Amino acid sequence: MPIGHAKSSTLPEPILKIAEARHHDPFSVLGRHDKGDGSAVVRVFLPRAERVRINEGGIELSRIEGSDMFVWEGPAEQVKGNYRINWYDKQGNVHTQYDPYLFPAQLGDFDLHLFGEGRHWHAYRFLGAHERTVEGVAGFLFSVWAPSASRVSVVGEFNGWDGRVNPMRVRSGSGVWELFIPELEAGTLYKFEVRDQGGNVTVKIDPYGNAFQERPETACILQTPTRYQWTDDDWLRRRAESNWQQSAMSIYEVHLGSWRRDADGGFLGYRDLAEQLAEHCLDLGFTHVELLPITEHPLDASWGYQTTGYFAPSARFGTPDDFRYFVDHMHSRGIGVLLDWVPAHFPRDTTALARYDGTALYEHADPRQGEHRDWGTLIFNYGRHEVKNFLLSSALYWLSEFHIDGLRVDAVASMIYLDYSREDGEWIPNKYGGNENLDAVDFLRQLNTVTHEQHPGSLMIAEESTAWPQVSRPTYLGGLGFSMKWNMGWMHDTLAYMEKDPIYRHYHHDLLTFGLLYAFTENFVLPFSHDEVVHGKQSMLDKMPGDAWQKFASLRLLYTFMFSYPGKKLLFQGCEFAQGQEWNFDAEADWYLLEREQHLGIKQVVADLNRVYKELPALHEIDFDSAGFEWIDCHDSSQSVLSYLRKSKDGKNTVACAFNFTPVPRDNYRIGVPKAGFYREAINSDAGLYGGSNVGNRGGVEAEPIEWMGRPYSIPMALPPLAGVIMVLESEPESEPEPESEPKSEPALTDEQTAKSKAAAEPVGSGSADAGESPETVDAG
């Protein structure tokens, strides 16, 4: 760093340290100091000044020879109060400013104490940069945590990005540095310049910054307190009172940068996106949107998952108030907003959190704990109070300041396992010798406890892909405390099954049935997310085998299966109209495909599935308990047919669902049902309206008093090819007819007896001409 006029051999050591920007306590040198004998000394350091005088009284300061330090010494009564400095630059321009080193420390000891203990839920309210009036003087208070730094300065447009001009004071014992700079205005760019103990200097972003320049620039932008007028009080009240577990929840996952673009291929703003996205969600019946991370990030190709600004909406799409409008507008249209949030790791960018004060501050020092090799990122040190406080405050910031309805926590598995994606010798066991990251577990439990207490009705959703128990169970029962967890097992098994040629599916029937063994161990979301349509995995449409007709039919079948299966729903953008290409983060979705009938058919079936899902209590009231689900027949592997019942909480809404995973129609396929009455065909994914072959049941079927599959009644269905049918009991007779034969009470069979019985018997519930055919001889085309 240049010293300017300084001649290091002649300057006193304190002056030299200021000139070389290495003084740990600038307030001991700069500003006004009483000498105790009725006199005072004033020192200011201004590298760009030619002359300096105190405005009040016109007192001229003298330059200390060989430096940019200006000093005055005289009677204390001549310089009182908050004086202003007039300084003249080389061009003769006059600049007037208050002396920042007149003002006392501003941060409260209690705030610093709570922060140091990791119990300050709203640390963003005092750390970072905040508009403040001190002793009648308006300005901004800057503060940053950097305990191992030897010096921290505020740099920006206002001081020529010169770290010598505005060094900060450190608050003893806390590691927090602060400085009040008068008369700065909103919109001003700033950063922190950090000198480590080895003398290395780096320029860093504000970890608590509320707004940033648009990439590739990285400076923070001073913000005034928002004046946005929210209109969603009623929404927040209803959210707090709602029973989300028994409500329909259909989530539309969106990457704002690639959902839609403007006419020139550029990003749409938050406000335009709000209008268009709300209309799209209402058109298709989605209840929520889930945004891939819009926390500020430097690299588009990271999709937002390599976050640098944990307290700032991305400037790609507008200002923080523009994003407030986005959320407010979605709420006004009855649509919840969820946000992907990434506390698992952060990028190595030297301008951001990595080695912030020259040490492993936010991360672990040991790469066996602190590096995520899969993503080339760094892992947070959850055992450090201040780091935990940083993340807790970030979560609460989005819920408090932007009225977000919930957070989807990314990569939870990588947080809770010390050996995640590591070989032996590449990780350090916990204190008990295990592979559990105990600090991360404690953090997640605290995160979920605090967010649920502070924001009733908000949701915390885990992307967790392992068998870790009780992810979505309360912390007081030993769980992690999440509201829900993505059902990755169901997703992988279902897609693996659907990708197989129908002629071979009967060999893999268990891929569809196994999920019910654990379906109610957690509160599950069924996700067909962005991760399944990128990196060579193909689009949802292209995952389906066969010709074009079979691909579209299979996709309609898959969605019908998902919307009737226990669990909340999630579908990524483009999947709702069968985009043919993989997702491209750098271009908008292929909306032109909606000019084609087959793609319109997919969109229509998704809209109708959402409608039926919300209308029928049986499909959403008991998603997380086995009381809401009952197999009709899970054994008909020879015909690749599944059937089950969904039931409502009061037992009045009964829905029968049947699925044919082959392209062979099943005429007169009989399934057992518990009640007599007319079963209306609520959804038939083979309907001509959707582009199907229109094999159906002419609106519905009357149950017959024929005992079948252990049930007193049955319905003979036309089961279309590669299709799902959802039948709802529309009306029951006043008196139910007697079944033709009473069910017999028999002792329960062992698993071995059941298997032998099934092997010897005709496929249960077939009732169709195709039941006896060998699957190998069926024409799958």
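**Cores, rings and strands in a predicted model**

Arg 260 lies over the face of Trp 259, at 5.1 Å from the ring centre, where a charge counts as sitting over a ring if NZ of Lys or CZ of Arg is within 6 Å of the ring centre and within 35 degrees of the ring normal. Arg 51 is likewise placed over the face of Tyr 88, 4.5 Å from the ring centre. This is a predicted model, in which local features need pLDDT of at least 70 and side-chain atom pairs count only at pLDDT 80 or more, while totals for chains, interfaces and linings use all residues. Residues are numbered from 1 along each chain as its sequence is written, and side-chain values use heavy atoms, with hydrogens and water left out.

A search of the whole structure finds 53 aromatic pairs, a pair being rings of Phe, Tyr and Trp (its six-membered ring) whose centres lie within 6.5 Å, with planes under 30 degrees apart counted as stacked, over 60 as edge-to-face and the rest as tilted. Among them are Tyr 310 and Phe 390, whose ring centres are 5.4 Å apart and whose planes stand at 65 degrees, so this pair is edge-to-face. The pair links distant parts of the chain, since Tyr 310 belongs to strand S19 (residues 309–313) and Phe 390, 80 residues apart from it, to helix H8 (residues 385–401); helices (H or I, at least four residues) and strands (E, at least two) are DSSP runs, numbered from the N terminus. Tyr 310 is buried, with a relative accessible area of 1%, and Phe 390 is buried at 0%, where buried means under 20% relative accessible area, exposed over 50% and partly exposed in between (1.4 Å probe, protein chains only).

Trp 490 and Phe 561 form a stacked pair, with 6.3 Å from centre to centre and 25 degrees between the planes. Because Trp 490 lies in helix H11 (residues 488–498) and Phe 561 in helix H14, this pair ties together parts that are 71 residues apart in sequence. Trp 490 is buried at 3% relative accessible area, and Phe 561 is buried at 1%.

The largest nonpolar core has 209 residues, and those with the most contacts inside it are Phe 142, Phe 326 and Tyr 559; such a core is a set of buried Ala, Val, Leu, Ile, Met, Phe, Trp, Tyr and Cys residues joined through side-chain atoms within 4.5 Å. Helix H14 (residues 548–564) supplies the largest share of this core, 9 residues. Apart from this core lies another, of 20 residues, among them Val 673, Ala 676, Met 709 and Val 725.

An open sheet of 4 strands has the order S8-S9-S12-S11, with antiparallel pairing, two strands being paired if DSSP finds at least two bridges between them. Its edge strands, each pairing on one side only, are S8 (128–134) and S11 (169–171). S8 is joined by 7 bridges to strand S9 (residues 137–145), to which it runs antiparallel, and the bridge partner of Gly 128 in S9 is Ser 143.

Two further residues can be followed individually. His 329 lies in helix H6 (residues 320–332) and, at 11% relative accessibility, counts as buried. Glu 730, by contrast, is found in strand S35 (residues 723–731) and is partly exposed at 47%. Leaving aside neighbours within four places in sequence, Glu 730 is in contact with Phe 678 and Arg 680, contact meaning heavy atoms within 4.5 Å.
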